[in-house]
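Please keep the sequence and the structure in view while reading.

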Amino acid sequence: MGLGPLGRGGARRRTRRRWMAMSAMLSSKHKAEIEQTTGKKLDDLSDEELEAEMKKRGITPPPPGPDD
């Protein structure tokens with residue numbers, strides 16, 4: 001039986017691609033502000049945490065893809 005689109009890390013890869021798209025939208029100034037505000041490096045933030053910080057700064061995160 002096949003594993004389908006979620007098998008073998010597929011969901012993880014899609015989530016990572018969305019996270020990378022969100023972080024790419026940030027200027028170095030925004031990245032520094034977020035890291036200072038949260039006390040975490042961007043790589044350590046969850047999608048939800050990063051999305052919330054982007055919204056605080058008026059940055060619209062990309063919508064989830066059809067597989068997210």
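Lys55 is an exposed residue, with a relative accessible area of 54%, and this value, like the others in this report, comes from a predicted model. The side chain of Lys55 meets that of Glu51 in a salt bridge, with an N to O distance of 3.6 Å. Both of these residues belong to helix α3, where they lie 4 residues apart, about one turn of the helix.

Helix α3 runs over residues 47-56, and its buried residues are Asp47, Leu50, Glu51, Glu53 and Met54. Seen down the helix axis, these buried residues fall within an arc of 165°, so they line one face of α3. On the other side of the helix, Glu48, Lys55 and Lys56 are exposed. The salt bridge between Lys55 and Glu51 therefore joins an exposed residue, Lys55, to a buried one, Glu51. Just after the helix, Gly58 takes a positive phi of about 75°.

**Salt bridges around Glu53**

Which residues does the side chain of Glu53 pair with in salt bridges? One partner is Lys56, whose closest N atom is 3.1 Å from an O atom of Glu53, and another is Arg57, for which the N to O distance is 2.8 Å. Lys56 and Glu53 both lie in α3, 3 residues apart, which is again about one turn of the helix.

Arg57, at 22% relative accessibility, counts as partly exposed, whereas Lys56, at 61%, counts as exposed.

| Salt bridge | N to O distance |
|---|---|
| Lys55 and Glu51 | 3.6 Å |
| Lys56 and Glu53 | 3.1 Å |
| Glu53 and Arg57 | 2.8 Å |

Across the whole structure, a search finds 5 salt bridges.

How values were computed:
Residues are numbered from 1 along each chain as its sequence is written. This is a predicted model: local features need pLDDT of at least 70, side-chain atom pairs count only at pLDDT 80 or more; totals for chains, interfaces and linings use all residues. Side-chain values use heavy atoms; hydrogens and water are left out. Buried means under 20% relative accessible area, exposed over 50%, partly exposed in between (1.4 Å probe, protein chains only). Helices (H or I, at least four residues) and strands (E, at least two) are DSSP runs, numbered from the N terminus. The arc is that of the directions from the helix axis to the C-beta atoms. A salt bridge is a side-chain nitrogen of Lys or Arg within 4 Å of a carboxyl oxygen of Asp or Glu.
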